[in-house]
Amino acid sequence: MDNAATTKPCAECVKAVNEAMENGFGNASSLHGLGGSSNSMIARARKTLLAAVTSTNKPFDGSVLFTSGATESNNTALLGSLHRFRPHGKKIVSTAIEHPSVAKTLTLFEEDGLNVVRLAPKDCDDFVEALVNEVDENTALLSAMAVNNETGFKIDVPRLYKEVKQKNPRTIVHIDAVQGFLKVPLDGDLISVSGHKIHSTKGIGALFIKNGERILPLLSGGGQQGGLRSGTEPVELIAGFEAAVRAYSGCEEHFNKLKTRLLDGLSRLEDIGINSGADCVPNIVNFSVRGVRSETMLHSLEEDEIYVSSGSACSKGKKSDVLPAFGISDKDIDCAVRVSFCAENTEDDVDALCNKIAKTITRIRR
Ligand code: PLP
């Protein structure tokens with residue numbers, strides 16, 4: 001139950017990776033047939049991804065750049081478009097809940113003299129409206145995540161994109177859609193996604209680039225991917241990514257069932273704070289078991305092979321910088337647990353989790 005950290009590659013992905021390794025391993029830049037079939041594989045994957053990212057029935061109006069994951073996609077989006085937004089504005093609008101791959105890059109921009117405004121959900125009744133209100137004629141870039149990885153807080157991305165563009169068509173809109181891809185409607189000029197969060201492998205991600213948007217490459221070299229990311233394309237990982245996207249089926253109803261069962265189970269325990277509100281996706285639930293530190297709870301659950309997370313997995317147990325922006329107290333942050341579901345999780349899993357939490361509380365609070 002730690003699927004926001006990473007997911008198990010699905011059978012379709014494993015099969016596609018194996019097949020590509022055995023039969024489709026050619027270099028996509030080679031002029032012979034084996035290279036040609038890798039090239040065709042990559043073109044097919046691009047089509048599949050473009051059809052999957054859109055919020056409408058039409059494919060995304062743009063192109064797909066394959067990357068090593070969303071950390072690279074986010075860095076490429078922000079650093080790669082810097083040359084574009086520098087000339088027409090010194091203001092960047094973002095949020096206080098971004099993943100470090102966005103947050104730290106924005107800090108670099110601040111050190112370079114740009115003005116970065118970071119809004120916190122706790123200060124805004126309507127978060128999209130607040131972000132749009134910050135956009136002015138001087139705003140070169142807006143970067144916001146579709147779904148927060150720690151609480152599941154989601155924003156209406158198509159509305160945000162439309163309203164920002166109405167206010168200033170020159171503002172570049174970047175969306176970190178890692179936790180929202182295939183789950184919520186998306187739009188943007190630049191959209192980052194990651195394979196390992198949707199049952200593909202680690203080491204593959206993508207940046208969607210809307211037609212008309214231009215970025216500079218971070219990696220120079222052989223000129224692959226239209227010169228935007230040099231380096232031989234990892235055709236095996238791309239094949240796995242494509243297969244995982246194709247195989248992904250919407251499970252919102254299933255997630256809703258699991259979330260309801262979890263909240264029900266937690267409501268029977270004493271002194272629990274729920275940190276994920278109604279405006280959150282159903283597959284991520286963050287809560288605090290007061291009096292039991294996150295790490296103690298994690299290790300206790302682990303005894304029964306129940307895997308959850310304290311903050312985001314990438315912060316390695318470090319106290320969350322993001323939860324305060326949701327108005328969660330330091331005391332509750334010390335005891336925060338994040339549960340994140342995938343389609344394979346069952347109601348029995350949720351019951352086992354709640355039972356073990358109850359036992360841990362009894363043991364620790366005694
Ligand atoms: N953005 C968000 C919201 C994430 O949750 C993560 C990973 O947890 C990333 C970016 C980084 O993705 P990757 O592991 O593919 O570099």
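Arg118 is partly exposed, with a relative accessible area of 31%. This is a predicted model, so please keep that in mind for every value I give. The partner of Arg118 is Glu110: their side chains form a salt bridge, with N and O 3.0 Å apart. Glu110 is also partly exposed, and its relative accessible area is 31%. Both values fall between the cut-offs of 20% and 50%, which is why neither residue is called buried or exposed.

Next pair. Lys122 and Asp123 form a salt bridge, and here the closest N and O atoms are 3.6 Å apart. Is Asp123 buried or exposed? Asp123 has a relative accessibility of 57%, so it counts as exposed, the cut-off being over 50%. Lys122, at 48%, is partly exposed.

Now to another part of the chain. Glu303 and Lys356 meet through their side chains in a salt bridge, 3.1 Å from N to O. Where do these two residues sit? Glu303 belongs to helix H9, residues 294–303, and Lys356 to helix H11, residues 347–365. They are 53 residues apart, so the pair links distant parts of the chain. Lys356 has a relative accessible area of 9%; that is under 20%, and therefore Lys356 is buried.

Last, the total. The structure holds 22 salt bridges, and the ones I described are among them.

Note on methods: Residues numbered from 1 in each chain as written. Predicted model: local features only at pLDDT ≥ 70, side-chain atom pairs only at ≥ 80, totals over all residues. Heavy atoms only, no water. Salt bridge = Lys/Arg side-chain N within 4 Å of Asp/Glu carboxyl O. Buried < 20%, exposed > 50% of the residue type's maximum accessible area, 1.4 Å probe, protein only. Helix = DSSP H or I, 4+ residues; strand = E, 2+ residues; numbered from the N terminus.
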